[in-house]
Amino acid sequence: MKNLIRFLPLILLIALLSSCEKFLEDELLSETSADFLYSTPEGLENAVVGLYNLNRSYIERGAGNNDHRALIIQAKSDLTAGRAGEVALYARLGWGRDLTTGGLGGYSHYWRNYYRVIDRSNAIINAAENVEFPAGEEDRKNQILAEARAMRANSYFILYRLFNNIFITTESTTPENVFELPQDKSSPEEIFNLINSDLDFAIENLDWTTEDFGRWTQAAARHVRSKTAMWQEDWQEAIIQSETVINNENYSLVPNTRDVFAEDLNHSETLFAIQIEDGVIGGGTRNQIHFSVMANYFEIPGIVRSSENGGRGAALLIPNNYLVDLLAEDPGDTRDDNTYMISAYIYNDPATLPEGVEIGDTVMVYTRDSDNPNIYNQYYKTMNPGVLKFQQRDAEPNEAGTFKNIMVYRLAETYLISAEAHMRMGQTEMALERINAIRARAGAAPYTEINQENLLEERARELFFEGQRWYTLKRMGVLVEYIRDHAANDNLVNFARDRIEPHHVNWVIPPAELDLLGPGYPQNDGY
């Protein structure tokens, strides 16, 4: 017994090691492994599908309270007022304007998300060169490479426009290179050379359309290529790319603005959309983007939440008066007629209907121009126009989280890119033709002249809250000016007007990200 007790620790150790050896034995419980993904044609195709899931992750539920991180780029434009919640802190430049004001986790969310997409794109691109495809399947290989390179180009383009001081790499992360830290930013020339090369390859190897809605196509790649050309002031290239898409038989403007954001967005105007679907593996999760940009009219007696009134909202990030007034300038403009924006709410609840009004009457309880802050604050909360571009129209109206495909790029912007590029080249007639096609679809009177100001106004009316505005103002060099002139409302949280500084045209790189780079990696100027 004494000998057994003496050797018990040794016996237990041997038994533990024996059991650990069995426990640590590799047993593939799924047919999908890293070796499969990067060593077979089928695996590479699955890996490409995974890129779309990664690309979507910045809007997934849980990305900040009320999914506010998905709306940071919209919040920081000149078309919004941050009324409440975390997203409002970005709109007011309360968060994210320096290293001490908080909100840097939201910026890290973008930095990490797109570098993850890039890293996995690199893995696919590099692996594809060593994977043997069956004879005659070169097109299959090029399709894989084209989608991965389009995704990489798009991610770098987003990161450059947001953070400026970014690094590019075409190598995927491995155990051998994981500690090889970037020591310096890449130059704009290096960045655009890679982006444009990737997009040119995608254009050459992608079909104009796809049976799998939501995947990259030649049209989407050409659209992004026209955008990169605009950033390089290559107006002729922008015209070539945008006009090629506009003139392709597969794409056209949807005739009615009411239908542009209807259902799953699978129509002739959509160039690239992020897919979200309920009840399927890989379909994504609910988000509260629509909830954040829709008024909380439910607090007014005589109204219950309904799809016709826009569903459920909290009015956290609202269209500001500058945008609302732009849309109201032309009485025929349909974009604020319950299509892109809902401008008025109607009584629909007999049980709580106030005296003097009837079911179907327009709610007119508060006014934004009142001298009484209690009145105008209630207006912005319960009656301010709401954005309908993210509304799931068949959703339960009391549900805050919804499923809705998200528009990323569409043909209307291609028209406006073409209009601007022609304008920059002095080709006024063609510039007017392109911008007036957008106005005609909306029922607005045609322009008789075009300049940067009315081009920006039309981009505001057509593309508001689609995440393009901040980039455009930055590219044109007027971001600070427009924030100072238009952001928020005169009587509502207009702090951004005073807080904006010239260096805010680049987002601060969060210290958490700089700590993972080389010791001398440069922060953006001003921070």
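This is a friendly dialogue about reading a few features of a predicted model.

Visitor: How many residues does helix α8 have, and how far does it reach?

Guide: Helix α8 covers residues 188-205, which makes 18 residues. From its first C-alpha to its last it reaches 26 Å, close to the 26 Å expected at 1.5 Å a residue.

Visitor: Which residues of α8 are buried?

Guide: Here is the general idea to bring along. An α-helix has 3.6 residues a turn, so residues three or four places apart point the same way. In α8 the buried residues include I191, L194, I195, D198, L199, A202 and I203. F192, N196, F201 and N205 are buried in α8 as well.

Visitor: What covers those buried residues of α8?

Guide: Among the elements that cover them are α7 (138-163), α9 (218-231) and α10 (235-246).

Visitor: Let us turn to strands. How do β2 and β6 run, and how many bridges join them?

Guide: Strand β2 (residues 270-274) and β6 run antiparallel, and 4 bridges join them. To find one of these on screen, look for A273, whose bridge partner in β6 is M407.

Visitor: Why is β6 described as largely enclosed?

Guide: Burial is counted residue by residue, with under 20% relative accessible area as the cut-off. In strand β6 (residues 406-410), 5 of the 5 residues are buried, so the strand is largely enclosed by the rest of the structure. For β2 the count is also 5 of the 5 residues, so β2 is largely enclosed by the rest of the structure too.

Visitor: Which residues lie nearest the centre of the largest cavity?

Guide: They are Y58, V408, E466, G467 and Q468, out of a lining of 28 residues. Our strand β6 returns here, giving the most to that lining with 4 residues. α4 (72-75), α6, α7 and β2 each supply at least two residues of the lining as well. By class, the lining divides into 19 nonpolar, 6 polar and 3 charged residues.

Visitor: And the pockets? How much space lies in the largest pocket?

Guide: About 780 Å³. The largest pocket is lined by 35 residues, with Q275, I276, E277, G283 and N405 nearest its centre. Helix α3 gives the most to this lining, with 6 residues, and β2 supplies at least two. The lining has 11 nonpolar, 11 polar and 13 charged residues.

Visitor: Which helix gives the largest share of the lining of the second largest pocket?

Guide: Helix α6 (residues 104-128) does, with 7 residues. About 670 Å³ of space lies in the second largest pocket. Of the 20 residues that line it, D119, F167, T173, V178 and P182 lie nearest its centre. The classes here are 9 nonpolar, 5 polar and 6 charged.

Visitor: Now for single residues. Is A442 buried or exposed?

Guide: A442 is buried, with a relative accessible area of 0%. You will find A442 in helix α15 (residues 428-442). Sequence distance and spatial distance are separate things to check: A442 and N256 are 186 residues apart in sequence, and 7.4 Å apart in space, C-alpha to C-alpha. Leaving aside neighbours within four places in sequence, A442 is in contact with T257, G332, D333, T334 and R335.

Visitor: And D525, is that residue buried or exposed?

Guide: D525 counts as exposed, at 65% relative accessibility. D525 is found in the segment after α20 (511-514). From D525 to V48 the C-alpha atoms are 36 Å apart in space, and the two residues are 477 residues apart in sequence.

Visitor: What is the phi of A315, and where does A315 lie?

Guide: A315 has a positive phi of about 55°, although A315 is not a glycine. A315 lies in the loop between α11 (289-293) and β3 (317-319), and is buried at 0% relative accessible area. A488 also has a positive phi, near 55°. A488 sits in the loop between α18 (479-486) and α19 (495-499), and is buried with a relative accessible area of 7%.

Key: Residues numbered from 1 in each chain as written. Predicted model: local features only at pLDDT ≥ 70, side-chain atom pairs only at ≥ 80, totals over all residues. Heavy atoms only, no water. Expected span 1.5 Å × (residues − 1). Buried < 20%, exposed > 50% of the residue type's maximum accessible area, 1.4 Å probe, protein only. Contact = heavy atoms within 4.5 Å. Pairing = 2+ DSSP bridges. 1 Å grid on protein atoms, 1.4 Å probe; cavity = no way out; pocket = protein on both sides within 12 Å on 5 of 7 lines; lining within 4 Å. Points joined across faces, edges and corners; volume = space filled by probe spheres on them. Nonpolar A, V, L, I, M, F, W, Y, C, P; charged D, E, K, R; others polar.
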